[in-house]
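Here are a few notes to read with the model open beside you.

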Amino acid sequence: MKIVVDGKDEYGNKSYAKLAQDIFFELGIAGLIEEVHMIIEPSAPLFIMSIRMKRTRSPIKIRDVASIVDTKHGCNLIIRDEGYAANLLSMLWKRYGSLNVEQPSRLEIVCKGVKADELAGLRLRPVEELKTMVLNAMWQILPEGFRVRYSFASGHSLTIIATEDVMREEWIAMGRMAHEKISRGL
Amino acid sequence: MYRFMTYEGGVYRANELVEMVEDLGGHIIQTAQVSREIILTLAIPEEDMQIIEKVAMRLRGTLREGALIGTEIGVISPSVSRHHLPHPVCDIAEYLRRMGGVTNIIGMGRGTGRRIAQISMTEKAMIDEYDAAVFIFGNFEDCIMNQKARLLSDLNIPIIVTGGPDIHNIPHADGYVCGIGRRTDRMRKKEDIERLEEIARLLGRCIEDRRREIAEDPLSIDPIEIKQYVDGLPIINQATRHSPTILHLDGLRIKLPYDRYADEIRRTKILGKRLDYFARVTKSRNERGDILIKILPESAIQAESAADFRN
C-alpha cells in the first residue's frame with residue numbers, strides 16, 4: 001500500500017498518512033488497497049482523498065462456489081472455492097443475521113430457516129463489499145467537521161472531496177484530476 | 001496551607017499514619033484497600049510534612065506529592081464521535097486520575113471543524129465549574145492557532161491544550177503539549193507517557209498557582225472540612241453515583257439534585273453556623289443539576305458582617 005499526502009502542513013500530512021494506515025490496518029483492509037492520495041489544505045478548507053483498491057473477483061452466483069443442500073431446519077452449504085468463503089459468510093450474516101448462519105467447520109455453513117432455492121440464485125459481489133469497507137475507512141479518516149462532500153467512483157477507484165464551506169468548482173476539478181491520477185496510478 | 005499527598009503501603013499499622021494525620025489537623029480524603037495494600041489520599045498541613053514523612057518511612061510506605069488531588073478537571077473533546085474518542089481523550093483522563101485529580105470528559109456538541117467550530121454558553125459555564133480543563137485539539141497548526149483557540153476565550157479557569165504540531169503561545173491557553181493530536185492507538189510508548197506527564201506537570205503548576213492565589217485571600221472554611229460535614233449527612237446516601245462529594249479548590253460538588261436537596265444543604269450546621277454563611281450554594285449547569293458549593297473568602301464574610309452591623 002502506497003500513501004502520498006500533499007499539502008503545506010508537513011506535520012499534518014505525516015500524521016494523516018499514519019492515521020490512514022492505522023485505520024486501514026484496524027479494519028483489516030490494508031492488504032486490499034493499492035494506493036492512497038490525500039490533498040490537505042486546512043486553510044482553504046479542503047480535504048481530498050483518493051483510493052485505488054486492488055483488483056477483486058467478479059460477481060458470481062453462490063451455486064458456482066458452493067453446493068447447497070436442503071435440511072430439516074434450513075440448508076447446508078459446502079464451499080468449493082475457499083477464496084469466496086469470507087465474502088459468502090459476510091453476505092449471509094448481513095442478509096439473515098448471525099444467529100441464523102453458523103460455520104461449524106472451515107468449508108461448511110449452516111443456514112437456519114432458509115431454503116436452498118433462495119440461496120442458489122444470489123450473487124456475491126466482492127468489489128461492492130470492498131467498496132463499502134473502503135468507504136467506511138474513508139469516513140473515519142476524513143475530518144469530522146468537513147461534512148460538505150462530493151465524490152467520484154469508477155472501476156476500483158474512489159475519491160471524496162470534503163470541506164466545511166460551500167463546495168467550489170475548482171475543488172471539484174481538483175478532485176476529478178486526483179481521481180483520474182489515482183485510476184492511472186500515482 | 002495543606003499539601004496533598006498519596007500514601008501507598010501495607011495495611012498493617014497503616015492506622016498509625018491515619019491517626020497521626022488526624023492528630024496534626026490533616027484529613028484523609030480517600031482510602032482504597034486492595035488485598036494487603038492500602039492507598040490513602042491525604043491533606044497534610046504544610047508545616048507538619050516532616051512528621052508524616054518520618055512515619056511513612058517507618059512504615060516502609062511511599063509518600064508521593066499529588067498536585068491534582070482535591071481538584072476536578074474537565075477533559076474536553078471536540079465531539080463524542082470515534083474521530084476523537086477514545087484516543088487520546090480517555091488516556092489523558094485516566095492518567096490525570098492516576099495523578100489524583102477527578103476527571104470528567106465533556107464532548108462538545110459542535111466542536112468539530114475549523115471555522116464552524118463552536119462552544120455554547122452552557123458548555124462554557126459547565127467547563128468553568130471545574131478547577132482546570134484540558135482541551136484536545138488536532139494535527140494542523142493553522143487550525144489550532146487561528147480557529148480552535150477562540151473556543152478558549154471567556155473561560156476563567158486554567159486551560160491546557162494538547163495537539164499535534166510543535167507550536168507556541170496559543171491564545172487563551174496556559175500551556176500546550178505537542179505530539180498528541182488525533183490518533184487511533186493507546187498512549188503506551190515511552191514518549192507518550194512523557195507527554196502525559198507533561199500535561200499533569202503543567203496542570204499541577206496552574207493548580208499550585210491557583211492555591212497560592214486562594215491563600216492570599218483565604219477561604220472562610222476549608223473545602224475539606226465542608227466535605228467531612230456533608231459526607232456525614234444522611235441525604236448523601238440518596239446519591240446514586242460514585243463519589244457523591246468532589247473537592248474543588250474553593251468548594252465542593254455534591255452529586256445530588258439541586259432542586260430537591262439544596263435547601264437542606266444550605267441549612268447544614270458547620271461550626272455552629274449554617275453552611276450558606278460560609279458559601280454560596282448554586283445549581284450546576286451539567287445535565288444532572290448537581291449542587292455546587294462555592295466557599296466565600298474570609299474577607300467577604302467580614303465585609304458582609306460589617307455591613308449588617310451598620311444596618
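1. Burial first: a residue is buried under 20% relative accessible area, exposed over 50%, and partly exposed in between (1.4 Å probe, protein chains only). By that rule Glu144(A) is buried at 17%, whereas Arg147(A) is exposed at 56%.

2. Keep in mind that this is a predicted model, where local features need pLDDT of at least 70 and side-chain atom pairs count only at pLDDT 80 or more, while totals for chains, interfaces and linings use all residues. Residues are numbered from 1 along each chain as its sequence is written, chains are lettered from A in the order in which they are written, and side-chain values use heavy atoms, leaving out hydrogens and water.

3. A salt bridge here is a side-chain nitrogen of Lys or Arg within 4 Å of a carboxyl oxygen of Asp or Glu, and the count over all chains is 36. Glu144(A) and Arg147(A) make one of them, with their closest N and O atoms 3.8 Å apart.

4. Have a look at Arg253(B) and Glu72(B), whose salt bridge has its closest N and O atoms 2.8 Å apart. Arg253(B) is buried at 1% relative accessibility, and Glu72(B) is buried at 1% too.

5. Lys190(B) pairs with Glu194(B) in a salt bridge, closest N and O atoms 3.1 Å apart. Lys190(B) is exposed at 62%; Glu194(B) is partly exposed at 40%.

6. What about the lining of the largest cavity? Its residues split into 14 nonpolar, nine polar and four charged.

Notes
Nonpolar A, V, L, I, M, F, W, Y, C, P; charged D, E, K, R; others polar.
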